[in-house]
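Here's a quick tour for anyone opening this structure for the first time.

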Amino acid sequence: MKLVEILGPSRVIPHLSANTKPEVLRELTHALVDHDPDFPPGSAERVYETLLERERLSSTGIADGVAIPHGKHPGLTSLKAVLGIRRDGLDFAAIDGQPSKIFILLVAPENSAGLHLKALARISRLFKEPALRERVLSAEGADGVFRVISEEDARV
């Protein structure tokens with residue numbers, strides 16, 4: 001699977017305004033859910049609560065400035081993603097103790113364990129490359145960020 005299959009320029013937030021982990025989760029949730037007809041009305045709060053519950057189990061801040069908050073939502077038929085950037089970083093309780101700067105929110109259909117895991121693995125593999133992280137952080141606007149990811153997604 002390719003990240004560009006579930007992410008587009010309209011699902012890239014080049015400048016997150018959130019200052020805390022819960023605010024990041026809420027901002028990303030609304031960016032994903034509010035303009036996607038696959039989510040029924042009122043889904044944002046349920047998705048947000050699912051993400052908070054997942055974070056209570058253990059942080060999805062994986063390291064090297066990257067966090068992949070994720071969860072499942074009933075009624076979805078396909079995987080959904082949104083990417084947000086906070087260039088100055090914020091504490092997301094990452095395993096390496098470093099601030100997170102790149103956030104990829106992933107929401108999967110309720111009964112899609114295999115697809116969900118493949119997407120998490122793909123995102124982790126792409127963003128473990130320091131050069132990609134730097135290119136994403138220095139890209140201009142949503143289109144620029146998406147272009148960088150598209151190029152890397154096609155290469156790897």
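This is a predicted model: local features need pLDDT of at least 70, side-chain atom pairs count only at pLDDT 80 or more; totals for chains, interfaces and linings use all residues.

- Helix 1 covers residues 21–33 and helix 2 covers residues 43–57, and the two pack at an angle of about 140°.
- Their axes sit 9 Å apart.
- As for handedness, the crossing of helix 1 with helix 2 is right-handed.
- On the helix 1 side, the contact is made by Lys 21, Pro 22, Leu 25, Arg 26, Thr 29, His 30 and Val 33.
- Helix 2 brings Ser 43, Ala 44, Glu 45, Val 47, Tyr 48, Leu 51, Leu 52 and Glu 55 to that contact.
- Sorted by class, the contact has eight nonpolar residues, along with three polar and four charged ones.

**Strand 6 and its partners**

- Strand 6 runs through residues 100–109 and is mostly covered, with nine of its ten residues buried.
- Strand 3 (residues 66–67) runs parallel to strand 6, and two bridges join them. Here Val 66 has Ile 102 of strand 6 as its bridge partner.
- Strand 4 (residues 70–73) also pairs with strand 6 in the parallel sense, over four bridges. Look for Gly 71, whose bridge partner in strand 6 is Val 107.
- Strand 5 (residues 80–90) runs antiparallel to strand 6, and seven bridges join the two. Val 107 turns up here as well, as the bridge partner of Lys 80.

**Zooming in on Leu 106**

- You'll find Leu 106 in strand 6.
- Is Leu 106 buried or exposed? Its relative accessible area is 0%, so Leu 106 counts as buried, the cut-off being under 20%.
- Leu 79 is 27 residues away from Leu 106 along the chain, yet their C-alpha atoms are separated by 7.3 Å.
- Which residues does Leu 106 touch, leaving aside those up to four places away in sequence? They are Ile 6, Pro 69, His 70, Gly 71, Leu 79, Lys 80, Ala 81, His 116, Ala 119, Leu 120 and Ile 123.

How values were computed:
Residues are numbered from 1 along each chain as its sequence is written. Side-chain values use heavy atoms; hydrogens and water are left out. Axes are lines fitted to C-alpha atoms, for helices over the stretch in contact, and angles run from 0 to 180 degrees between N-to-C directions. A crossing is left-handed if the near helix is turned anticlockwise from the far one by less than a right angle, and right-handed if clockwise. Contact means heavy atoms within 4.5 Å. Ala, Val, Leu, Ile, Met, Phe, Trp, Tyr, Cys and Pro count as nonpolar, Asp, Glu, Lys and Arg as charged, and the others, Gly among them, as polar. Buried means under 20% relative accessible area, exposed over 50%, partly exposed in between (1.4 Å probe, protein chains only). Two strands pair if DSSP finds at least two bridges between them.
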